[in-house]
Amino acid sequence: MARRLSSSCCTKAVASTSAAPSFRSPLPLPRRIYTRPPLLASLPRPSPPLRPLLPVPPLAPPRSCSLGTLAAAKGTSPALSGASPSQRKWEGGKEEMTIASSVKLAGGTLSVCGRDVLSGVPDAVVASSAAAGGAVDGVFLGADFAEPASRHVVSLGALRGARFMACFRFKLWWMAQRMGDKGGDVPHETQFLLVESKSAGDGGEDAYVVFLPLVEGAFRASLQGGASDELQLCVESGDEDTRGRSFQRAVFVGAALSDPFAAIAGAVAAAKSVLKTFRLRTEKKLPGIVDYFGWCTWDAFYQDVTQEGVEAGLRSLADGGTPPKFVIIDDGWQSVGTDQSNPDDPAGEPKPPLARLTGIKENKKFQNDEDPAAGIKTVVRAAKEKYGLKYVYVWHAITGYWGGVRPGAAGTEHYRSSMQFPNISPGVAENEPGMKTDVLTTQGLGLVHPRAVYRFYDELHAYLAAAGVDGVKVDVQCILETLGAGHGGRVELTRQYHQALDASIAKNFPENGIIACMSHNTDALYCSKQTAVVRASDDFYPRDPVSHTIHIASVAYNSVFLGEFMLPDWDMFHSLHPAGDYHGSARAISGGPVYVSDAPGKHNFELLKKIVLPDGSALRARLPGRPTKDCLFSDPARDGVSLLKIWNMNKFTGVLGVYNCQGAAWSSVEKKNIFHQTGSEALTCGVKGSDVHLISEAATDPEWNGDCAVYRHASGDLVVLRNDTALPISLKVLEHEILTVSPIKDLAPGYRFAPIGLVDMFNSGGAVEGLTYHLLDGAKLLGNNGSTSSSEAVGLVCMEVRGCGRFGAYSSVRPKKCMLGSAQVEFTYDSSSGLVILRLEDMPKERGHKIVVEL
């Protein structure tokens, strides 16, 4: 059931809020003072099983540099209500609006709010107003060329003196982040570019400019740097026979003042409103796995996975008190075969065999000798009936298997598979030259014909669904862009495959059971209407020391872009690993699914119990985890001075993760991830409550003054941070810190309170499901300094809490008593910090524990 954005655990007295599970308070309840801002509380709830997320763009949009702030994905922008008569026109008796965008191309200069962003823009570059497609603050850029071709590159002008963050593909499959301050720093295959336009004077607001290279017709666009600090546009079809010469909407350029996250959300919504080929994350149905702990077989067994191994892994985790509720049976379950060697092949080193799918059913490892016909149903039944799993997913490639479907294999003839050889684009080849000699490129794939691919997916998924499988992890997705020759190009082939995939998922896995993997090209992103979960970065590599800091930085920065389309999945990890805490804490605040790939018997249960509740659920944050605003343009992997701060939201708290990711990054020279020189000393940054970008939406007071209680998970320290004051955090490479940030409620003079949550969990505040405050008669007897001679209670704090363990809160005074349900419970109070701790011994039998704190 969808969780409500507000709930009361203490009241019948609140008739204005939606009904919530109630319990009888041991004390009479006076008037309620506040539960949740009315605007937020009145938001429409998504239908089950979607978990509600805080709205993006924010409910109160940032100030705009013109009337049109963001894309009006639904309805009319609130900014339009204040338009002047000169901006209105009448047509057919109806009032319409024309919007003057603050993003302008004139005189060879692209400007935002009157500030130059690109100079020397060639005459071949054309601009069209995005206002024609709705209330959008931005423009589309395109270009006209002399001759039609399958690939064009044109300068968009020079970019100088402005910091940027780019998400670019360093591999065919995956993106990473790159920072710079001039056009020449922009890597090939950049698919997202965020540029900071600083205010010229004191007190002015910075503008944030978003460049989104799009898909137009059969062509897909990307950005790259050129000579003389040029920012270049590349458009390509991937098929020599698919050509074009005129492009009107190859790039969207949007902007907003003060709020980069709203600028990004608005730009992607603008693209959606025009393309009409994809849906936003907030419009998609999240699969049930995202709220539970899971296990993936990959790093435990790789392709040697067996039914016995699956059961051993599930049993091992459950016996340790962290029962998984979903499993992903990764590569190794399918029926595949390698090609026969060709006697005509030239002598030399033998080619590594590339396996191809030979049928849609499981291989012999997953066939029960006593009942071979049961197939994979046997292990699915065991997972659910013996080990209490809710969901079983299995892996397959978007082409069936790594080498596709073997042409002519018995029983697969109707899929009309034929051999095709990947054609690697120049941009990918520039960043990943090894793809030109990769086994996929040299040995080719058996590509199911686009007109038969729906039948292929439907028969595969129907077979799995009949066996009780709930979803699929669909891998190797970017390979489609290399196979467009003869099929109308890369965009058209990708569109046909994804339409078929979406239709099959909707039919066979009604909870939207799909995870996209190796899928970081915009060909796929801009045609995805169904998939709601996407792997956020290159793999977790347990045996590669260079990868761990790179992984955390990549998932955070990639989520800035990917999180507008789908919920980013920060990948599996090993709990029993030198970097296990580093990875595990990041997954806990990521907002995405959390799962490990531990081998049976090799677990760190102390770590896992900071993430997983005894019932197998996780305290998931509500948004994609992303870098804080002040980290967006710093380079925490390369610059030697910056720490990475990641923020996320819960219902009534925020959470911050701070990570030292220095010392390793992708090298544009060596074209691979490498270590680079960095200091061994700790780096320091300041942490503010406002680093949690939407923290004001967790406050229960519209007049909240910005003060927060901040709980440091590692040390157990609680501090009060006044508005705009900073807490210093110092970390060495591969160290991290998790902080719960809770807005402080001022009930009465001298009486302040803020919930923290389950303090032994990484995302402590995710446990707080309901929160209301009430003033009692004792508040009338308080002096201005909060002193009173009366013993009467001043106020009540009523909370609803998930899970079990030590529950903590900040209180400026020692509570008179704490109630758990109808029973009074013991608690501890640290008067120096204000930390209140009480113990919740067991998991709640119903929705949550009902806690009342009397002050």
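**Entry 1: cysteines.** I kept in mind that this is a predicted model. How many disulfides does the count come to? I needed the cut-off here, which is a pair of cysteine sulfur atoms within 2.5 Å. By that rule I got zero disulfides. I then looked up C661, and its nearest cysteine sulfur belongs to C631, 9.6 Å away. C661 is therefore in no disulfide, since 9.6 Å is not within 2.5 Å. I also checked accessibility: C661 is buried, at 0% relative accessibility. C708 is buried too, with a relative accessible area of 0%.

**Entry 2: nonpolar cores.** Which residues have the most contacts inside the largest nonpolar core? I found W173, F192 and L212, in a core of 159 residues. Helix α2 (residues 260-275) gives this core its largest share, nine residues. A second core of 35 residues is separate, and I noted V125, V154, A221 and V235 among its members.

I went back to W173 to see what it touches. Leaving out residues up to four places away in sequence, I listed M435, L440, V476, C478, I479, M518, S519 and H520 as its contacts.

**Entry 3: a sheet.** Next I traced an open sheet of five strands, in the order β40-β41-β44-β48-β47. Its pairing is antiparallel. Which strands are at the edges? I found β40 (745-748) and β47 (828-830), each of which pairs on one side only. From one strand to the next, the twist averages 25 degrees.

I then took a look at one pair inside this sheet. Strands β41 (residues 751-758) and β44 (residues 805-811) run antiparallel and are joined by five bridges. If you want a place to start in the viewer, A754 has Y810 in β44 as its bridge partner.

**Entry 4: positive phi.** A reminder to myself: most residues other than glycine have a negative phi. I looked up two residues that go the other way.

S228 has a positive phi, near 55 degrees, and is not a glycine. I found S228 in the loop between β15 (219-225) and β16 (230-236). Is S228 buried or exposed? S228 counts as exposed because its relative accessible area is 57%, and the cut-off for exposed is over 50%.

K671 is not a glycine either, yet its phi is positive at about 60 degrees. This lysine is in the loop between β33 (664-667) and β34 (672-675). At 24% relative accessibility, K671 counts as partly exposed.

Note on methods:
Residues are numbered from 1 along each chain as its sequence is written. This is a predicted model: local features need pLDDT of at least 70, side-chain atom pairs count only at pLDDT 80 or more; totals for chains, interfaces and linings use all residues. Side-chain values use heavy atoms; hydrogens and water are left out. Buried means under 20% relative accessible area, exposed over 50%, partly exposed in between (1.4 Å probe, protein chains only). A nonpolar core is a set of buried Ala, Val, Leu, Ile, Met, Phe, Trp, Tyr and Cys residues joined through side-chain atoms within 4.5 Å. Helices (H or I, at least four residues) and strands (E, at least two) are DSSP runs, numbered from the N terminus. Contact means heavy atoms within 4.5 Å. Two strands pair if DSSP finds at least two bridges between them. Axes are lines fitted to C-alpha atoms, for helices over the stretch in contact, and angles run from 0 to 180 degrees between N-to-C directions.
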